[in-house]
Amino acid sequence: METTLSDREDEARRAYDAVAETYAATVPALFAQDVRGRAMIAAFAELVAAAGAGPVADLGCGPGHVAAHLRDLGVPVFGVDVSPGTVAAARRAHPEIRFEVGTLGSLDAADGALGGVLSWWSLLHTPPAERPAVFAEWRRALAPGGYALLGFHVGDGQSQVTGAYGQAGVDYTIDLIQPEEVAAELAAAGFEREALMRLPGVRREQACLLVRKRREAVPVTSG
Ligand SMILES: C[S@@+](CC[C@H](N)C(=O)[O-])C[C@H]1O[C@@H](n2cnc3c(N)ncnc32)[C@H](O)[C@@H]1O
């Protein structure tokens, strides 16, 4: 039987709750060295700020370091993560930013309320068949002309992670993503491509894809 998004969210919740402290103690320092990734986030922040359409939702925010970076770049931001332990770590590290337990496919935001959506290495826990529904939800919540930035591992199929973050018993599945495939899914959901960056990673290639919600075509009226 096909694994559902809800199964994968349960798995992610268990895993990231178990490693929340280790993750918070190690990954923010790696992000600080990720010059290329931060360059994409800087471009995203500048575009969102220029559009002036609302805050960024950092979906699968982890311990909040990327949200804090966006805040430092002058962008209003809040974070959402499926793991309560991770949200607690984010709140402790950045008490001035709002972090909530929630999921990337069901946003607590009114239609058109967001200026941007960030999914920074969090879509890898979503089964590919469920991505179109997730992208439709992002489209609903984004303002016309709002931006989405995705970071992910490039590849086909899945990879099993065992002993994540050096902790025995913390196992989960990740989906590898082909940039052209996810760009086509986003186009079908009403987004146009702004930029794609592909990078050699330590173990596998990585990609950052920036898209923008298409503005509705204005109907032409006569008279
Ligand atoms: C690899 S970590 C990335 C965290 C952070 N964005 C970063 O770049 O360090 C993946 C995060 O996504 C969260 N996550 C996984 N599936 C999710 C879902 N469906 N909704 C919300 N968060 C999710 C996990 O709990 C975890 O914190």
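Select Ser122 to begin. In this predicted model, Ser122 sits in the loop between β4 and α5. Is Ser122 buried or exposed? Ser122 is buried, because its relative accessible area is 8%, and buried means under 20%.

Now show what surrounds Ser122. Leave out its neighbours within four places in sequence, and Ser122 is in contact with Leu59, Gly60, Leu104 and Gly151.

**Next stop: Arg131 and Glu181**

Move on to helix α5 (residues 131-141). Select Arg131 and Glu181. Their side chains meet in a salt bridge, at 3.8 Å from N to O. That falls within the 4 Å cut-off, so the pair counts. Glu181 lies in helix α6 (residues 179-188) and Arg131 in helix α5, so this pair links distant parts of the chain, 50 residues apart. Colour the two by accessibility. Arg131 is buried, with a relative accessible area of 2%. Glu181 is partly exposed, at 44%.

**Along α5: Arg140 and Asp111**

Stay on helix α5 and select Arg140. Which residue forms a salt bridge with Arg140? The partner is Asp111, and the closest N and O atoms are 2.7 Å apart. Asp111 belongs to the loop between β3 (98-101) and β4 (114-120), so the pair ties together parts that are 29 residues apart in sequence. Arg140 has a relative accessibility of 27% and counts as partly exposed. Asp111 is exposed, at 61%.

Jump to helix α1, residues 5-33. Select Arg13 and Asp10. They form a salt bridge, with 2.7 Å between the closest N and O atoms. Both residues lie in α1, 3 residues apart, which is about one turn of the helix. How accessible is Arg13, and what is its class? Arg13 is partly exposed, at 28% relative accessibility. Asp10 is also partly exposed, with a relative accessible area of 31%.

**A network: Arg8, Glu11 and Asp175**

Select Arg8, Glu11 and Asp175 together. A network of salt bridges links these residues.

**Last view: the whole set**

Zoom out and show the charged side chains. Side chains of opposite charge can pair when their charged atoms come close. How many salt bridges does the model hold? The count comes to 14. Among them are Arg13 with Asp10, Arg140 with Asp111 and Glu181 with Arg131.

Key: Residues numbered from 1 in each chain as written. Predicted model: local features only at pLDDT ≥ 70, side-chain atom pairs only at ≥ 80, totals over all residues. Heavy atoms only, no water. Helix = DSSP H or I, 4+ residues; strand = E, 2+ residues; numbered from the N terminus. Buried < 20%, exposed > 50% of the residue type's maximum accessible area, 1.4 Å probe, protein only. Contact = heavy atoms within 4.5 Å.
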